[in-house]
Amino acid sequence: MEDGGVATSSPAARSARGLEELEEGEGEEEEGEREQLVWERIPMQRNSESAMSTEWAESEAGAGGDTDDGDGAQPNSLQAPQLQRARSAECTSGSVAGAAAKRQRLAHAASEGEVDDDFAERPRPAPPVAMPPVPPIPPAQQQQEAEADDERSTCPVCMERWTTGGATRVVSLRCGHLFCKRCIARWMRRAAQTRRRARCPECAQPVGKGDVRPIFARSISAVDGEQLQRAQSESRRLAERAAELQVQLGMLETRYAAMCANSSRLGAELAEAADRAAWLEAENAALAARLAEKRGGGSAGNQNESDDGQKDASDDASDSDSAFRPVVRLRATHRSPAADGAMRRLTLHPHTHTAYATYSRRAQQLHTLAQIDIHETRAAPLVLPPLHSAEIRAAEPSPHAAAPRYMLTASTDRTAAVVALAGGAPNVAARLALPAPAWSCAWDPAAPALCYVGAARGLVLAFDLRHPARALHVWDGPRHGAAAVDFSPVASIAAVPSGAGATRLVVANAAHAYALPPPDADADPWIQLTPDAAAPRRACFALSYDAALGCVAASFRSAAALEHELYAAGFASAAPPAPDAWRLRQRLAVASRQTMWARPALFSYVDAQRVRRGLFCAGVEASQTLRAWDAGAPGPAPRVLLDLPHDAGPVLDVRGFQWAPGGQTVLATLTQAAVRIYDVR
C-alpha cells in the first residue's frame, strides 16, 4: 500500500507500482507552460569531455511540447555553478511574486483530496520548546532569510513548494536528494525515452524506479546547523546576561529603597530641628517677657502657644507665682487609623518614647491598641493584633525597667490581658479570667509580678503573673466595705507605696475613693477617704497619682460642675491610715458639665532650672479646652497656668510624662478621633 500502508511485497515492486501510477496520472496534469523545465533556460556549454552533455543539449534544442525526441539530458554534464545560478534566479523571480499563487495551489490541491488521508489523520507533534528571546532581526536580513527558507523548501527542478500529497509531493531518491513527484517522474520518463539510465539530477548517481521513496513529513526545510548553534549560544549568553542585569536591578532597587528611607529620616530630623528652633525662639521670647516684667514691675501674664499657633493669655497671677509658667507647643497630631475607629484611653510607656491608645472598630469586632511613636511626628499609628473581644476600658504599662515590657489591658469581655511588647510582634503572654467585666487596672510599684484589676460589682482582684490561672486575692467591696460601697464598678485604681516596701491600693467607685486593707486583713472594711459631699450627689470617676509629688487627685462630677481634689498620700503599713497620711491639699472647681467619662492627669517634671514642677491637667467639655493647674504650688486654690483650645473634640484622656530628669517632657491628649502630643518646657 502507498503512503504508509502495510507492506505486502518487496520494496522494488512497491516502488515500480508507485512509478507506474505516477506516469498514468502525469498525462492528465501536464501543462504546456510547465514543460519548459528549468534546465531548458540554463545556458548550456558544450563540454568536449562529456558526450552526454552534447546529446542532452541537442535533444533539448529539438524537443517541444510534451514529447521529447532528443536524447535525455545527463545531469553530470550540468555544472554546479550554472545550476546554482539558475535556481537562485528562479527563486528570486518567483518566490516573492508567486508566493501567494503557490499557497493557493497548495490549498486547492488539499481541497481536491490530493493530500494523503493517512498523513492528515496523524497526530500533530508536540510544539517546540520555547527558546530565550533574541534581539530583533533587521528587515533586510529577514527578507534574505525568507528567500533562503523558500529555496530550502522547494523542489530544485521546478522551484515549487513541496507538499504532502498530489503532484508536488516530496519524494527521496536512494542518494538522499529530494524532489517533487512530478519532476522526478518526468526525469525518469525522459531517460527511458532516450534509452539511457536515469540519474539523480543533483549528484548523477544511477537511480531506478525502486529508488523513489515518498517522504512522510509535515514540512521540510534545511537549516544551517552551525548558524543554529551560534544562535542558541547567543541566546544562552543573552539569558545569562539578563539574569545578571536582573540581579543588579534588585541591588539597585534595594539601594534606592535605603536611600528613600534615609531621605525620609533626614527630612524628619530636619523638621524636628526646625521645631526645636521655633521652640527655642518661643522660650527666648518668654524669658525676655519675664525679664521685662521684672524690670518694669508689671504683672502681665505669660502667653502660651496653642495648637493652632495663636496666643492665649493665662489668668492673672501674683508677682511671687508668675515666675513659673510652662511653655507648651504642639508637636504632632495623630489621627485615628480608620474613620469608623474610636479611641477611648491613653497611656505613655515609661521606658520607651511611645504612646498607646485603646482602639475599637465595632463593625469589624476589633478591640486592640494603637501604638504611636513620639518621635515620628508624621507616621500613622500602628494597630496591634486583636487583644479582646469587647471594648478595652483601661491599659497600663509595667513601670519596672528590669522586668519584661508588659502592657496590662482590662476589657468588658471579663478578661485582662498581659501583652508582651518587646521582641517582634506584640502577643498576649497571659490572659486573666475575671468574674465580672473589667473597668480599671494597675501594676504593683514594688513587685513586678503583681497586678490589680478593678471590675464591676465592686470587685478588686490581685494576680501573680507567675500563677495567672486564678486570682491571688479578691476584695469584695459590697461584702467587706463600708455602708456606702455598692455594686458600682471600680472605675480607677492607684497603687500607692507604703512603708516597708508594701503597697496600698486606693480605688474609686461611683461614690468615693477608698483605701483597701492589706490582703492579710481581708476582714477589715474599706476605708472611705473622700468626705461626703452636700447635695446634689457627686460621683468619683477617676484617680491619678504621682509618686514624686506624693499626691493623689480624685475627680468628681455632678449634674452641673466638675470638682478635682488633690490629697497628700503617705500611707504607713498599718490600717487605718494616720490622720496626716491622707489630707486635702487643694480643691479645683470647674463650672462645666461632664457627660463623657474623661480622665485627668497629675504628673511632675524637672524643668531647665532643675526645679520639680507639678501639673494637674483636665479637659473642660463645655469650652473644649485643655486646662492645666499648678499642682506643686501651696495654697488651697492653685492658679490656672494655661487653657489650650482643643478643636479636635472633647478631651477623653490626658497623660503627661518625663522620661529623665531635665529631659523631654510631653503632654498627650486623646479624643475619639485623634491623639495630640505637646512638648512642655
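Helices and strands are DSSP runs, numbered from the N terminus. The model described here is predicted.

## Arginines with positive phi

Arg610 lies in the loop between β27 (601-606) and β28 (612-620). Although Arg610 is not a glycine, its phi is positive, at about 60°. Its relative accessible area is 57%, above the 50% cut-off, and Arg610 is therefore classed as exposed.

Arg414 occupies the loop between β12 and β13. Its phi is likewise positive, near 70°, in a residue other than glycine. With a relative accessible area of 40%, Arg414 counts as partly exposed.

## Helix α8

Helix α8 covers residues 181-193, a run of 13 residues.

Ten of the 13 residues of α8 are buried, which means that the helix is largely enclosed by the rest of the structure. Among the buried residues are the charged Lys181, Arg182, Arg186 and Arg190, as well as Trp187 and Met188.

## The largest nonpolar core

The largest nonpolar core comprises 20 residues. Those that touch the most other members are Leu408, Leu434, Cys451, Val453 and Phe463. At least two residues of this core come from each of β12 (406-411), β13 (415-420), β14 (427-433), β15 (438-443), β16 (450-455) and β17 (459-464).

Phe463 illustrates how such a residue is surrounded. Leaving aside neighbours within four places in sequence, Phe463 has contacts that include Leu432, Leu434, Cys451, Val453, Pro468 and Arg470.

## The largest pocket

The largest pocket holds about 1200 Å³ of space. Its lining consists of 43 residues, and Glu396, Tyr545, Asp546, Arg655 and Phe657 lie nearest the centre. By class, the lining has 28 nonpolar, eight polar and seven charged residues.

Which strands supply the lining of this pocket? At least two residues come from each of β7 (342-348), β11 (392-397), β15, β19 (492-497), β23 (539-546), β27 and β31 (653-658). Strand β23 gives the largest share, with six residues.

Key: Residues numbered from 1 in each chain as written. Predicted model: local features only at pLDDT ≥ 70, side-chain atom pairs only at ≥ 80, totals over all residues. Heavy atoms only, no water. Helix = DSSP H or I, 4+ residues; strand = E, 2+ residues; numbered from the N terminus. Expected span 1.5 Å × (residues − 1). Buried < 20%, exposed > 50% of the residue type's maximum accessible area, 1.4 Å probe, protein only. Core = buried A, V, L, I, M, F, W, Y, C linked by side-chain atoms within 4.5 Å. Contact = heavy atoms within 4.5 Å. 1 Å grid on protein atoms, 1.4 Å probe; cavity = no way out; pocket = protein on both sides within 12 Å on 5 of 7 lines; lining within 4 Å. Points joined across faces, edges and corners; volume = space filled by probe spheres on them.
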